[in-house]
Amino acid sequence: MNGTAAQSGLPCHGLGKLHGAPLHLVWRTTISSDDADELRQLLAECTLGNRRAFENLYQRVSKRLFAVALRCMNRSDLAEEVLQESFVRIWHNASRYDGNLSAPMTWMVNITRNQAIDQLRKHREVPLTEEQADTLFDDSPSAHEQLDSQREAQALQRCLETLEGMQRTSIITAYFQGVSYADLATQLAAPLGSVKSWIRRGMERLRRCLES
Amino acid sequence: MNYQQPALRRALAADYAIGLMPLTARRRFEHLLLDDPALRAELAQWQTTLATLTAPLPEHTVPDRVWHAIEARIDPQKLHIPAKRPFWNWLRITAVACSLVVAIIAGALYNRDTLNYSATLMAANQQPAISVQAYSHYLNVAPLTLPSVETGRSLELWAIPADGKPVSLGLLPAHGKGRIILSESQQKLLGAPVTLAVSLEPEGGSPTGQPTGPVLYQGALAGL
């Protein structure tokens, strides 16, 4: 398999490279509960075959889902394919969305990320570096400053900071790359047992922190 | 394994959510999910936690072609033809009228290129998509409900003779309607019973000489 193909082209989309305005936008669109209600309504209309609602939904969330696909695929052409497939699925499976279980954005992010890691597993073109895995949550001062501007962002940052470095790295690597425990152990040059424990403890800690 | 043990359920849901479960275990877990609403709720909690990891990603502008491709996928019979201005319509009618006159005169004068065969190519859902009329030296192709093709792709027309090896007849005109001139060997090929098929290929046609993309439309060529 081609081990370098996916490396070219796109810059990493780490927090350290964010500019202020888009970040605010991201947080408003993901956290606001009013927004979740509207998305829920749009999904409900999609189940009735309302194409206008679907287009509206696309306008509202495609930029964010594209970011997720790009983060996983690292190449815009592959990310576009993932995004296309994800929206076709959202349209056909809108009736499967269960509003009691999760927020609409969580559901759609999950569809996109599943599509992406399915593709990655098929091609396995993206060798991951620790550096890449860390770029999402790097510790540069600018990242802190930008995050500090929003309360919810602070919560995430605080929770991520409670994780040990390897817990954070292994969770982010597994989530965005869809690798196996064995791959993770190889990539992180660590024993399988350690990797499993980083993932388990790190995820528990992250969830409890975000829920508190 | 005792799937009722809360700690185990929570750990399994976590492994499934982050994508670290091996394939067989994944299938088994999905099976459990079907009849276990509490497990579905547990999984949703993990998915919510993990989706938080995507929140700081900067939004990205999506090229328009993605939306067009989605539209074509969910509604493949829609024709994506820009609105025409009346002026062009008049021009077109005049042009068609002129060419008809020319064609009739030319036909009467030479009466060489007679209509021999015709075919209606169907999409997978049995909707007629393209009409093909085979004359001695060329094919007339007209779209009935042909969806637009994304940029960078072409539609290629193939003749599939009884022995089964497709022979390219050339690319469909960019907007579907037009004429494909036949070479002598192609003319001979259409003398025998053949199936016509249209496949989606890279721009400029199949690089291999055989169909590489999906067959979108097909139909038998029938004598008149």
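Visitor: What pattern does chain A follow along the sequence?
Guide: Chain A reads α-α-α-α-α-α-α-α-α-α-α. That comes to 11 helices and zero strands. Helices (H or I, at least four residues) and strands (E, at least two) are DSSP runs, numbered from the N terminus.

Visitor: Where do the numbers and letters come from?
Guide: Residues are numbered from 1 along each chain as its sequence is written, while chains are lettered from A and ligands numbered from 1 in the order written. This is a predicted model: local features need pLDDT of at least 70, side-chain atom pairs count only at pLDDT 80 or more, and totals for chains, interfaces and linings use all residues.

Visitor: Now the two chains. How many residues are in contact?
Guide: 33 of chain B with 46 of chain A. Contact means C-beta atoms, placed from the backbone, within 7 Å.

Visitor: Which helices of chain B supply at least two residues each to that side?
Guide: H1 (6–18), H3 (37–51) and H4 (64–74). H3(B) gives the most, with 10 residues.

Visitor: At what angle do H1(B) and H3(B) pack?
Guide: About 50°, with their axes 9 Å apart. Axes are lines fitted to C-alpha atoms over the stretch in contact, and angles run from 0 to 180 degrees between N-to-C directions.

Visitor: Which residues of H1(B) meet H3(B)?
Guide: Arg9(B), Ala13(B) and Tyr16(B) are among them. In H3(B), the partners include Leu43(B), Trp46(B) and Leu50(B).

Note on methods: Contact = placed C-beta atoms within 7 Å.
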